[in-house]
Each structure stands twice: as structure tokens, then as C-alpha cells.
Amino acid sequence: MQEMLEVDPAMLQNIDDEDYASSGYDTTTASLTASINQYIFENGRRYHTYFGIDKNILPTDETEQDRLDLHHEIFLLLLRGSLFSAPIQNPQRILDVGTGTGIWAIDMADEFPSAEVIGNDLSPIQPNWVPPNCRFEVDDVEQPWTYRPDFFDFIHIRNLAQGVGDWPKVMEEVFRCTKPGGYVQLCEVGGELYCDDGTLTDDNALKIAFDILNKEAMPKIGRPPATRENMTERLQKAGFMDIVALDFKHPFGPWPKDKRQKRIGAMNMLNMETGIESYFMAAATRILGMEVQKAEKYCKDAFAALKNKNFHTYNYYYVVYGRKPE
């Protein structure tokens, strides 16, 4: 059982004030075909369309790319600087499924210069200047894979819960393309909010937005939120063994007393400044048919609750890995 996240005593002063500034904390923020580069614009954001308008309900614009890169740094802090948790040794072929901006794949290519690192994604939003041992492909992970069987030493899949509806099909391909003795690692942010001191109530606006997204919208299209249990089950049913499941508290706001957790929480608050909108808007308006103005208010209220120093909330970052039998 994990230790309780202790609240910084400074956050408990001036209880009538909601903003972190009252506690002395500053939170000011300030070569593919044309068809693959087709997008639509909704609510001031750019979304993917090439593989289907609802294939990825998160934006792909520069604002989202910056958020994804920030979230990558948060994950590194959660894993204490490591890019992975699986006990891989000198991998020669690495696949990053749903690579996003490609930042994880690029970092892995730098860490393992003798390895071939491939990142694939629905959208070609990765940089052109990359290490010589790293390349990117545009592909839909739910379509049949073109990689040879028993090909990769390590397959990494991070934050695809909102984009995958047929996990058994995906995991069948993952198992087929992993070398015997190779590893696969699934990483996802959970959809449930928690707190350790009773400051999270049912009328909390952040919890309300989380519940609309994860208990109403996403299950309606067959994409329920990730949990430690369903991620473990995916690996088990695919045929992987020696499965290890880890979870890490992922705080919202710089309220923790612990310095590392405080930094994670502060970065996460910046991440969620656009992240709430990224996850919520298309899901609420397209799937639930919510009016745009109403959805925007949910986002605004949720971020206001997240910034309230009197609410000490977090969710979990789950990391589950397993080995293919030899």
C-alpha cells in the first residue's frame, strides 16, 4: 500500500483563500501526402481526420504537442528519470505505439544508440530532426500490423486509452510482433480521482468533469478508462507472463509537502490548463451531444477546482509490463 501524500502545511494556511498565490506559490502560465495532413478545426482546436474523425478525440495542434511533451517530463519524474520500468537489456528493436510527438522514441534512441527505434502514430506531428537510429511511421494501431513476427525486443504503449476500442486485436498484434523473451509495457493515466485527506467531494468540479468523461462519454464508444486491473488482463489474455503492475500517484497542483511530488503537481497543473479541454471537449460535444458553451463551462470550472489549493487531488499513473514466453 502506498504512503499517504502529505499536504504542505503552507497550503493549510489562509483557508479562506483558494489560489496558490496566497500560500506564496506562483502559478502564472503564459515527407507525407497531403491527405495524411488533413485535419478539422473545432472549438478553436485542430483534430485528426485521416483515419476517421473519431479515431482520436484529442487535438493534434501545437498547443497539444506542447502539452504532450510536458506530460512526458512529468512521467519521467514519476519514474525517477527512467524511460521504462521493464527489465530490458540492450534492446535492438524498439517500437513506440501511438508515439505522439515522438519524444519518448527520440529519448530511447539516444539512450540505446545501437537500437532501431520506430514510432508510429495516426498523425505526422513528429519532428524531422531525429537521431539516425529513430524513424516515424503513420499508421493505425487497430489495423493489421506490417511488422514481421517475433521482431521487437521492446514494445511501448503509452496513453492510448482514449484512442483504442479493440484492445484484444491490438494486443494480439503486440504479442505476435514481440520477440520471445521480449517485453511489452503499457502506461496509462487513470480516470478516477482520489485524495487522502477528505478534501475531494462529489460536487468538486474536477471530479464532475472526470466522471462525465470517464463514466459516461468514453464507455459509450467502447473506450473505458485504464485501470491497473484491465491493463494487467490485457497482457494476460494476450499470452504474456511475469507480469508486473505498478502505480504512481499523479497529483494535481503543488500541494504535496514532498519536493518531488510538489514539482510533479505544479507541472501537472500547467499540463491540465489545456489538458482538461483536450480530453473533454470533443468527447462531450461529439459523443454526448453537449452544447459547446456548456462543455466549455465544465472545463473552466474543473480547472478552477484544480487550482484551488484546498482540494488535494490526484489520480494514478499505471505502468504494467510483461514478457513473451521463450
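Q: Leaving aside its neighbours within four places in sequence, which residues is Glu-173 in contact with?

A: This is a predicted model, in which local features need pLDDT of at least 70, side-chain atom pairs count only at pLDDT 80 or more, and totals for chains, interfaces and linings use all residues. Residues are numbered from 1 along each chain as its sequence is written, and side-chain values use heavy atoms, with hydrogens and water left out. With contact taken to mean heavy atoms within 4.5 Å, and with neighbours within four places in sequence set aside, Glu-173 is in contact with Pro-144 and Trp-145.

Q: Is Glu-173 buried or exposed?

A: Glu-173 is found in helix α3, where helices (H or I, at least four residues) and strands (E, at least two) are DSSP runs numbered from the N terminus. Buried means under 20% relative accessible area, exposed over 50%, and partly exposed in between, with a 1.4 Å probe and protein chains only. Because its relative accessibility is 14%, Glu-173 counts as buried.

Q: Which residue of β4 stands opposite Asp-96?

A: Strand β4 (residues 116-121) has 5 of its 6 residues buried, so it is largely enclosed by the rest of the structure. It runs parallel to β3, to which 5 bridges join it, and two strands pair if DSSP finds at least two bridges between them. Opposite Asp-96 in this arrangement stands Gly-119.

Q: What is the volume of the largest pocket?

A: On a 1 Å grid over the protein atoms alone, a pocket is an open set of points where a 1.4 Å probe fits, with protein on both sides within 12 Å along at least five of seven lines, and lining residues have an atom within 4 Å of a point. The largest pocket is lined by 14 residues, of which Leu-5, Arg-80, Asp-258, Arg-260 and Gln-261 lie nearest its centre, while β8 gives the most to the lining, with 3 residues. Grid points are joined across faces, edges and corners, and a volume is the space filled by probe spheres set on the points. The volume of the largest pocket is about 280 Å³.
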